[in-house]
Amino acid sequence: MPRIALGMFAVLLGLTAVIGLAQMAYAWTGSAPPGAIASLDVWKLGMVVGTAGTSATLLITLYIAERDYFRSRKHIPSLSLELRIERVSVSQSYDAIVLILKAENTGTGLCVIREVSWELDALSPYEDEEVEEMLEEYDNPEDDEDFLFPWRTLGEEITPDAIQIEPGERQLITHDFIIPSVVGAVTASAWIENVQDTDFGWHSRGIHTQEG
C-alpha cells in the first residue's frame, strides 16, 4: 500500500510538471497549445497534487509507525517468577535463608536481567507492644499511597546478574541471607526490572515459617 500511494503521487507530480513545461514551451514559441493543455491551470493542479501528496505521506507515516509499534509489542519478554524459600541451620545461633528464584520467559522476546532486588523481613517473633505500634502506624499511614505493613527488615540487597533468558527457557537465580535462629517466620521478595521498560518489572513474594 505505501509503495502504491507513493507511485501514484510520483506519476501525478510528473504529469503536472510535464503539463507545466508544455504550456511554457508553447508560450515561448508564441504558438497555441492544444485545448486540453491550455484549459488546465497548472498552479491549481500543483496545489491539489501537493496537498494529496502531503496527506498521503502523513497517512503512510502513521501506518508505518503503528505497524512497527505492534510488531515490537509482539516480541517482548514476559517473566513468570516463582520464589522458593529454604532454611538451613549454620550455627547454634544463626540460620541461612536460601532464596531460589525460578524465572521463566513466557513471552516472545529475549529477556535481559541486569540485577535482582532482594528483601527479607521478619514476621515473628514480636512483642505484643511492637505489634500494637505497627497496627497504629498501619491504620494511620503518613500518605495516601499503598502502605506495606512494617515488618522488621532483616536484609535488602541488589545483586548484579548478567542473565539472558530466551523465550520458553527457565533460569534459577539464588541468594542467601543469614538471620538469627530466634526469628521464627520470614517473608522474602524478589524484584526484577524490565530493562526495556523501566516503569515495569516482575515481582515475587513468599513466606517461610520455621517448623517445630
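Modeller: Glu82 and Lys102 form a salt bridge, with their closest N and O atoms 3.2 Å apart; the term denotes a side-chain nitrogen of Lys or Arg within 4 Å of a carboxyl oxygen of Asp or Glu. Because Glu82 belongs to strand β1 and Lys102 to strand β2, the pair ties together parts that are 20 residues apart in sequence. Strands here are DSSP runs (E, at least two residues), as are helices (H or I, at least four residues), and both are numbered from the N terminus.

The model is a predicted one, in which local features need pLDDT of at least 70 and side-chain atom pairs count only at pLDDT 80 or more, while totals for chains, interfaces and linings use all residues. Residues are numbered from 1 along each chain as its sequence is written, and side-chain values use heavy atoms, with hydrogens and water left out.

A search of the whole structure finds five salt bridges. Another of them joins the side chains of Glu86 and Arg84, at 3.3 Å from N to O.

Asp95 counts as buried because its relative accessibility is 5%. Arg87 is likewise buried, at 17%. This arginine is placed in strand β1, which covers residues 79–89. The side chain of Arg87 also reaches two backbone oxygens, that of Val183 at 2.6 Å and that of Ser181 at 3.4 Å. These are polar contacts, that is, pairs of N or O atoms within 3.5 Å; within protein, one atom must be able to donate a hydrogen and the other to accept it, and residues adjacent in sequence count only if both atoms are side-chain atoms. Leaving aside neighbours within four places in sequence, the residues in contact with Arg87 include Asp95, Ile97, Ile179, Gly184, His208 and Gln210, where contact means heavy atoms within 4.5 Å.

A nonpolar surface patch of about 370 Å² is made by Val88, Val90, Tyr94 and Ile178. Such patches consist of residues with over 30% relative accessible area and no salt bridge; nonpolar side chains (Val, Leu, Ile, Met, Phe, Trp, Tyr) are joined within 5 Å, and like charges within 9 Å. Val90 sits in the loop between β1 and β2 (94–105) and is partly exposed, at 47%.

Another arginine, Arg114, lies in strand β3 (residues 111–124). Arg114 counts as exposed, because its relative accessibility is 59%. Although Arg114 and Ile192 are 78 residues apart in sequence, their C-alpha atoms are 8.3 Å apart in space. Among the contacts of Arg114 beyond four places in sequence are Thr159, Asp161 and Val195.

Thr159 belongs to strand β4 and is buried, at 14% relative accessibility. Its side chain makes polar contacts with the side chain of Asp161 at 2.9 Å and with that of Trp118 at 3.0 Å.

The structure holds one aromatic pair, formed by Tyr126 and Trp151, which is tilted, with 5.7 Å from centre to centre and 40 degrees between the planes. Rings of Phe, Tyr and Trp (its six-membered ring) pair if their centres lie within 6.5 Å; planes under 30 degrees apart count as stacked, over 60 as edge-to-face and the rest as tilted. Tyr126 lies in the loop between β3 and α4 (128–139) and Trp151 in the loop between α4 and β4 (152–165), so the pair ties together parts 25 residues apart in sequence. Tyr126 is buried, at 17%, whereas Trp151 is partly exposed, at 25%.

As for the whole chain, there are four helices and seven strands, which follow the pattern α-α-α-β-β-β-α-β-β-β-β along the sequence. Of the 212 residues, 29% count as buried. Among contacts between residues at least 6 apart in sequence, 71% join residues at least 24 apart.

Note on methods: Buried < 20%, exposed > 50% of the residue type's maximum accessible area, 1.4 Å probe, protein only. Areas by Shrake-Rupley, 256 points an atom, 1.4 Å probe, with all protein chains shown as cover.
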